[in-house]
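This report describes one protein chain for a reader who is new to it. The account begins with a single residue and then widens to the whole fold.

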Amino acid sequence: MTEKPVLGRTAIWTLVIVSAAGFMAALDNLVVTTALPSIREELGGGLSDLEWTVSAYTLSFAVLLMFGAALGDRFGRRRIFLVGLAIFTAGSAGAALSPEIGELIAARAVQGVGAAVMMPLTLTLLTAAVPEAKRGLAFGIWSGVSGLAVAAGPLIGGSLTEHFSWQWIFWVNVPVGLVLLPLAFRRLGESRGADGALDVPGTALVSLGMFGVVLGLIRGNPDGWTSPLVLGALIGGVVLLAAFVRYEQRVAAHPMLPMRLFRSRTFSAVNAASLLMYLGMFGSIFLISQYLQGVGGYSPQEAGIRMLPWTAMPLLVSPIAGIVSDRIGGRPIVVAGLALQAIGLALFGLVADGGGFDYAAQVPVIVICGIGMSLYFGPTAQLVMASVRPKEQGIASGANNALREVGGALGVAVLSAVFSAQGGYESARSFADGLVPALYVGASAVGAGAFAAALIPRRRGAGAAVAGRAADGQPAADRAGAARV
């Protein structure tokens with residue numbers, strides 16, 4: 001008889017702290033969108049300034065995620081997590097106190113820096129504190145909280161703006177951060193990566209490359225895809241990322257992202273699925289929240305409430321999905337979740353087709369989307385962390401989070417471009433004409449993510465942990481299960 005592993009006090013405290021920090025970082029992706037009219041009324045600024053109020057956070061967050069993970073591996077994950085949390089809290093206070101639109105944009109960029117430093121370390125800290133047999137449950141809770149934050153951003157932002165002021169969407173982070181800082185210092189364990197060297201050239205190449213790609217994606221629709229800024233940013237970013245890959249393969253003595261990790265089919269497939277999932281989900285939520293307000297006639301808060309069958313679902317389903325993944329493995333759950341999400345987005349397009357609005361018909365579809373999203377989150381985190389050696393989990397988490405952010409930026413850009421090409425804001429019918437094909441594109445992307453997830457090797461035995469990593473960091477399941485996909 002072997003004793004069943006349990007979540008001890010350290011693991012529970014770690015789960016609470018990193019989930020709260022992850023909630024704040026994920027929330028600020030979209031929380032400001034519903035407050036933009038109030039911000040413009042008080043601080044002034046043109047459309048471009050308001051777009052940068054959103055984009056400044058996304059840009060700095062996506063660009064520095066892998067750098068934050070590398071710093072944690074080099075200087076200590078708890079120490080760098082505390083630094084990131086302090087920067088994020090200070091940036092939130094600065095945003096709330098901003099007297100002009102320029103200061104607000106700068107404070108949002110600071111928030112993004114703090115979030116990028118702390119977010120990839122939440123997973124590595126959690127992995128180190130939780131027994132392997134219980135990580136599915138822990139990752140399910142962590143992922144459910146983070147997913148809820150992303151999807152509920154417009155509701156929370158709209159409610160705070162409507163009943164208090166736009167400054168409160170930033171002030172709410174400050175007391176949470178001030179409470180988490182001493183708790184994290186006392187309760188989190190310290191860990192480092194195996195190699196103490198910091199890959200400065202690799203870090204610079206990947207950070208600048210990500211900057212170019214994400215900047216191009218963000219500015220593509222407002223500036224035009226053929227504008228010099230957008231073309232230069234995209235081409236330069238791709239060139240730098242290609243140079244990063246070559247440098248890591250051929251030159252780097254201590255690579256920040258060992259390219260051999262991508263020899264693991266689990267690592268490659270789950271990251272491809274993550275990028276495609278966020279492409280479809282982010283872009284769809286961005287348009288659907290506007291559809292509920294512009295066509296349905298709801299206020300930001302009312303629209304957010306009507307999204308609750310989708311956005312609140314991770315709190316109910318993700319922990320269960322994590323528990324089940326501990327028993328049968330994450331692959332079938334992730335595939336099922338992505339398939340349901342794709343089906344839900346396609347059905348929403350069918351319901352919205354024709355320009356009419358029927359919320360009662362949308363509810364079952366929204367529930368399907370919520371269940372699909374919930375099934376995806378927890379097992380994906382578990383698969384990412386189990387696909388590499390423990391000492392490489394920090395950079396694996398950073399890479400996965402970076403690809404998610406790129407997918408989100410790409411989703412908003414691509415689906416908005418489809419929407420603009422096929423419809424517009426002139427009438428309910430015009431909005432539906434643009435929304436429907438955009439949702440079909442989003443559903444196709446998530447469906448492709450399901451096919452990518454299906455390439456993850458099957459687990460060899462129900463109830464057995466993913467194990468057997470080889471010396472090169474490739475899980476044995478990747479080596480032995482290649483023929484059984």
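Ser92 is buried, with a relative accessible area of 0%; buried means under 20% relative accessible area, exposed over 50%, and partly exposed in between (1.4 Å probe, protein chains only). The residue belongs to helix α4 (residues 77–96), where helices (H or I, at least four residues) and strands (E, at least two) are DSSP runs numbered from the N terminus. Not counting residues up to four places away in sequence, Ser92 touches Gln111, Phe170, Asn173 and Val174, a contact being heavy atoms within 4.5 Å.

The model is predicted: local features need pLDDT of at least 70, side-chain atom pairs count only at pLDDT 80 or more, and totals for chains, interfaces and linings use all residues. Residues are numbered from 1 along each chain as its sequence is written, and side-chain values use heavy atoms, with hydrogens and water left out.

**Overall composition**

The chain contains 19 helices and 0 strands. Of its 485 residues, 56% are buried. Its accessible surface comes to about 18000 Å², of which 66% belongs to carbon and sulfur atoms; such areas come from the Shrake-Rupley method with a 1.4 Å probe, and for residues only the protein chains shown count as cover. Among contacts between residues at least 6 apart in sequence, 83% join residues at least 24 apart.

**The interior**

In soluble globular proteins, nonpolar side chains tend to be buried together. A nonpolar core is a set of buried Ala, Val, Leu, Ile, Met, Phe, Trp, Tyr and Cys residues joined through side-chain atoms within 4.5 Å. The largest such core here has 108 residues, and those with the most contacts inside it are Phe81, Leu257, Trp310, Leu338 and Phe348. Helix α11 gives the most to this core, with 14 residues. A second, separate core of 21 residues includes Leu36, Leu104, Trp166 and Phe170.

Helix α11 (residues 265–294) spans 43 Å from its first C-alpha to its last, close to the 44 Å expected for its 30 residues; the expected span is 1.5 Å times one less than the number of residues. Of those 30 residues, 21 are buried. Phe348, leaving aside neighbours within four places in sequence, is in contact with Ile288, Tyr291, Gln362, Val365, Ile366, Leu435 and Leu439.

**Salt bridges**

Side chains of opposite charge can pair when their charged atoms come close. A salt bridge is a side-chain nitrogen of Lys or Arg within 4 Å of a carboxyl oxygen of Asp or Glu, and a search of the whole structure finds 2.

| Pair | Closest N and O atoms |
|---|---|
| Arg108 and Asp28 | 3.5 Å |
| Asp433 and Arg429 | 3.1 Å |

Arg108 lies in helix α5 (residues 101–129) and Asp28 in the loop between α1 (9–27) and α2 (36–43), so the pair ties together parts that are 80 residues apart in sequence. Both Arg108 and Asp28 are buried. Asp433 and Arg429 are 4 residues apart in helix α18, which means that about one helical turn separates them. Asp433 is partly exposed at 30% relative accessibility, and Arg429 is partly exposed at 46%.

**A surface patch**

Ile343, Leu347, Leu350 and Tyr440 form a nonpolar patch on the surface, with about 340 Å² of accessible area together. Patches are made of residues with over 30% relative accessible area and no salt bridge, like charges being joined within 9 Å and nonpolar side chains (Val, Leu, Ile, Met, Phe, Trp, Tyr) within 5 Å. Helix α15 (residues 331–352) supplies the largest share of the nonpolar patch, 3 residues. Tyr440 lies in helix α18 (residues 428–454) and is partly exposed, with a relative accessible area of 31%.
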